[in-house]
Amino acid sequence: MYSVTVRDHFMIAHSFRGAVFGPAQALHGATYVVDIELRRPALDPDGIVVDIGLATQVLHEELGRLNFRNLDELPEFAGRNTTTEFLARVVFDRLAQRIAAGDLGPHAVPGSATGGLTALRVSLQESHVAWAAYEGPLVAA
C-alpha cells in the first residue's frame, strides 16, 4: 500500500458539555495540527499516490471553514461536543466528498479507471502528547 501525508493546522474556540470534560466545559481555544494520509494500492499513471499540491490546497480549504471560528456558534455542530475525535470525522467526511468529486484530480477518484484512492486517515494533534484520528475506506460516488 502506498501513502502520502500532508499537514496543516487550524485554530478554534469551543466548549464541552458533561462533567467528564472538567475545566474544558468552559469556552477555550485549541490549535490542531492536522495530518491526512491518502492511500492506494498502486501508483497512478504519473507514478504518484496523489498530487501533493492539490491535497495540501484542498486540506487548507476545508480547514479554513473551521479556522478562527467558535464551533459552539456553528449550526452544523449544534448540540454536539466538538471533541478532537468528532472533528477528525468531520474533516474525514468533508475530504472524502471532495475526493469523490474529483477535487484531487481524476486519478484520485475512488473507483476510477486507475483505481483511485482507497483509504484516508485524518489525525488531529491537540498537543505534543495527545491526538485522535479517524480513518476509513474511500468509496466510489
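Select F16 first: this residue is buried, at a relative accessible area of 10%, where buried means under 20% relative accessible area, exposed over 50%, and partly exposed in between (1.4 Å probe, protein chains only). The model is a predicted one, in which local features need pLDDT of at least 70 and side-chain atom pairs count only at pLDDT 80 or more, while totals for chains, interfaces and linings use all residues. Residues are numbered from 1 along each chain as its sequence is written, and side-chain values use heavy atoms, with hydrogens and water left out.

**Aromatic pairs**

Over the whole structure, a search finds 4 aromatic pairs, a pair being rings of Phe, Tyr or Trp (its six-membered ring) whose centres lie within 6.5 Å; planes under 30 degrees apart count as stacked, over 60 as edge-to-face and the rest as tilted. In one of these pairs, the ring centres of F16 and F21 are 4.5 Å apart and the planes stand at 35°, so the pair is tilted.

Next, select F92 and Y134. Their ring centres are 5.0 Å apart with the planes at 75°, so this pair is edge-to-face. F92 belongs to helix 2 (residues 84–100) and Y134 to strand 5 (residues 131–137), so the pair ties together parts that are 42 residues apart in sequence. Helices (H or I, at least four residues) and strands (E, at least two) are DSSP runs, numbered from the N terminus. Is F92 buried or exposed? F92 is buried, at 6% relative accessible area, whereas Y134 is partly exposed at 27%.

**The sheet and its helices**

An open sheet is formed by 5 strands in the order 3-1-2-4-5, with mixed pairing; two strands pair if DSSP finds at least two bridges between them. Strand 3 and strand 5 stand at the edges with a single partner strand each, so one side of each has no neighbour in the sheet.

Select strand 1 (residues 2–14) together with strand 2: they pair in the antiparallel sense over 13 bridges. Within this pairing, H9 has V33 of strand 2 as its bridge partner, and H14 has H28. Helix 1 (residues 52–64) packs on the sheet, touching strand 1 and strand 2, and its direction makes about 20° with that of strand 1. Contact here means heavy atoms within 4.5 Å; axes are lines fitted to C-alpha atoms, for helices over the stretch in contact, and angles run from 0 to 180 degrees between N-to-C directions. Helix 2 also packs on the sheet, where it touches strand 2, strand 4 (119–125) and strand 5, at about 145° to the direction of strand 4.

Move to strand 2 and strand 4, which run antiparallel and are joined by 7 bridges. Here L38 stands opposite L120 in strand 4.

Select R39, in strand 2 (residues 28–40). R39 is buried, with a relative accessible area of 16%. Which side chain makes a polar contact with the side chain of R39? That of E135 does, at 3.1 Å; a polar contact is a pair of N or O atoms within 3.5 Å, and within protein one must be able to donate a hydrogen and the other to accept it, with residues adjacent in sequence counting only if both atoms are side-chain atoms. Not counting residues up to four places away in sequence, the residues that R39 touches include M1, Y2, L117 and R121.

Finally, select E73, in the loop between strand 3 (69–70) and helix 2. E73 is exposed, at 62% relative accessibility. The C-alpha atoms of E73 and E61 are separated by 20 Å, with the two residues 12 apart along the chain.
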